[in-house]
There are 2 protein chains.
Amino acid sequence: MKQDTSGSRPTPTLEMVAALAGVSRATVSRVVNDVPSVDEDIAAKVRQAILAVNYTPNRAARSLASRRPNSVTLIVPESTSKVFADPFFASVVQGVALYLADTDYTLNMVIASEAKPEKTRAFLLGGNVAGALVVSHHAGDRSWTHLSDYIPMVFAGRPLGESASYYVDVDNEAAAAGATRVLIESGRTNIATIAGPQDMPPGIDRVNGWRAAMAEAGLDDSRVEYGDFTLASGAKAMRRLLGSGKPVDGVFVANDQMAAGAYTVLQERGLRIPEDVAVVGFDDDSFATSVNPQLTTVHHPIIEMGKKMAEILVDLIEGKDTARVTQIPTSLVIRESV
Amino acid sequence: MKQDTSGSRPTPTLEMVAALAGVSRATVSRVVNDVPSVDEDIAAKVRQAILAVNYTPNRAARSLASRRPNSVTLIVPESTSKVFADPFFASVVQGVALYLADTDYTLNMVIASEAKPEKTRAFLLGGNVAGALVVSHHAGDRSWTHLSDYIPMVFAGRPLGESASYYVDVDNEAAAAGATRVLIESGRTNIATIAGPQDMPPGIDRVNGWRAAMAEAGLDDSRVEYGDFTLASGAKAMRRLLGSGKPVDGVFVANDQMAAGAYTVLQERGLRIPEDVAVVGFDDDSFATSVNPQLTTVHHPIIEMGKKMAEILVDLIEGKDTARVTQIPTSLVIRESV
DNA sequence: TTGTACGCGTTATCAT
DNA sequence: ATGATAACGCGTACAA
């Protein structure tokens, strides 16, 4: 790389642009930063010079002089190689990156080694980062909450206990209730649910939504089995449901992956979907469409969540006051499973 | 955040440490950068002062003064929200992050908007980044190859055509041949393959490996169907294989996701795995174990790839010469499908 | 081995 | 509206 053969010019600086345009560095700086008080003719000349030398601002110098970091950090819990296997994480990142692309902030990632958390702490608190985003699966991990006292932080998902932190989430309970209603309106009366872990907010909220809808319709809400959001656990839960003695003609599953698991046991028992038992999932991830018949499910706008998280973080950094909790609307995707 | 109530002390600087330790800033700088020529007693005193004031170096200042960027960029093609849905991507990132955690480089991510590729180009070439990593799915995308002339770049996966770029990959062909041999050694003789797209290196190499093993054993290598690495395409290919008239008692599938697809049609036809037809996959991802019976497959050490990519990039940045292509060894994971 | 002093590329303050 | 010029926090010749 780097063909440094004699004539390779150095990366252009403000200084060079200024010289070429016949103005001071201050003026160039103003143009670059869109300060309104610049004469339009001069500005034009400067812009031309910028193009001519192919100038790009040096971020380090900029950050140093302005005394503020120009990067935000995405914190990823190490524990979980699961976090990475989870499409959820990937999509959030995507949303975050997409939003930040239009700002002056750069996105950097740290995987929070629990081996030496002080390192991460030091990095975040060392003044090198303008703010941080925390995404830990569906979970309500808040081990970083206290850092909110020092730098702006935004979390993905509702925290477990009380917490003064900023976060963005979907209204899991309302969405789950809506999904359940689809089952109810299709005429099913023996509706079960395969719920998620009860130590995670989405796990909790989604059963509650199901319960609410069932109560609202005056239906029996005793058919509940729990899984851990994995495909295998969904299959097991379905098996328990079928073996319980109680009839089941519809099931709301707390995520698509478990729904896919439920599919396998339903189908190995010769039960038809949706004729014999209708299924509604949650998330609208790749499992929803890779399954046959394709799954009716709640669309979880994960990329949007990422975007919103970034947006809120930037607002926080720039001192605008924003709501602590913001909910992204979900929608129901009707496919073939109900 | 930021309780700026009166007494909040400013982020500590070299200067402050120097004052406290009673030495010059230069000395502190040396200690921080592990310059050997410092008197151990003084160094100790300095280190103590550093701890005392809780000093963290300012990365921007450091980068500015040393005239070299301290961050590397991970480039992710935007096109594909698929890239993000792909566990492959996530794992590479993880490996990269893990490696970089022990260096002084910071990892930042850009999603390469094809809308305005100049922006990405400018960012990379503006001197703000020490090097870049490119990961684009299983593909051999090399639209960034030319940047190698200006900054160190390392790619994931073998490029399609000739290319002078650095990359790390697994030996897909050898691994595929090895996987096929497992089928052969189990006594199968009518061995088919569900191959990947023939415009991607892994797609190409993996069929070739299968062919080589078949030839080596003197077996018929005409049973080939193609998919696109998705579950659905694997199912379709399996269906074609079964409908071809030729008997099939074993199949090497170019990735686990397609293997999962093949499973569904095998099982819906009442064929037993592995009794009636044995299956071997490739990747050893979550699909391999979420399927029943669990899949025998080639372990693709993706995290290791990420680590290696980062390692090579850092070497490149620091001027060490390294091999252009480095292969990570794979291994066979024997489970229940053969 | 340690300190002095200059420079890195910008922004920001203060004149003009 | 524009231009000097002093920071910003640190690395690094060079001198001592």
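Residues are counted from 1 along each chain as its sequence is written, while chains are lettered from A and ligands numbered from 1 in the order in which they are written. In this predicted model, local features need pLDDT of at least 70, side-chain atom pairs count only at pLDDT 80 or more, and totals for chains, interfaces and linings use all residues; side-chain values use heavy atoms, leaving out hydrogens and water.

**Stop 1: both chains.** Show chains A and B together. A rotation of 180 degrees, with 0.0 Å of shift along its axis, superposes chain A on chain B with an RMSD of 0.1 Å (least squares on the C-alpha atoms of residues with pLDDT of at least 70 in both). That is the relation of a two-fold axis. The same surface serves both copies, as 100% of the contact residues of chain A recur in chain B (contact means heavy atoms within 4.5 Å).

Stop 2: Helices (H or I, at least four residues) and strands (E, at least two) are DSSP runs, numbered from the N terminus.

**Stop 3: helix 2 of chain A.** Now pick residues 25-32, which form helix 2 of chain A. Which residues of helix 2 are buried? They are Thr27(A), Val28(A) and Val31(A) (buried means under 20% relative accessible area, exposed over 50%, partly exposed in between, with a 1.4 Å probe and protein chains only). These three cover an arc of only 100 degrees around the axis, which puts them on the same side of helix 2 of chain A; the arc is that of the directions from the helix axis to the C-beta atoms. Their cover includes helix 1 (14-21) and helix 3 (40-53) of chain A. Just after helix 2 of chain A, look for Asp34(A), which takes a positive phi of about 55 degrees.

**Stop 4: Leu133(A).** Finally, move to strand 3 (residues 131-134) of chain A, where Leu133(A) is found. Leu133(A) is buried, with a relative accessible area of 0%. Not counting residues up to four places away in sequence, Leu133(A) touches Thr73(A), Leu74(A), Ile75(A), Val96(A), Val154(A), Met309(A) and Leu313(A).
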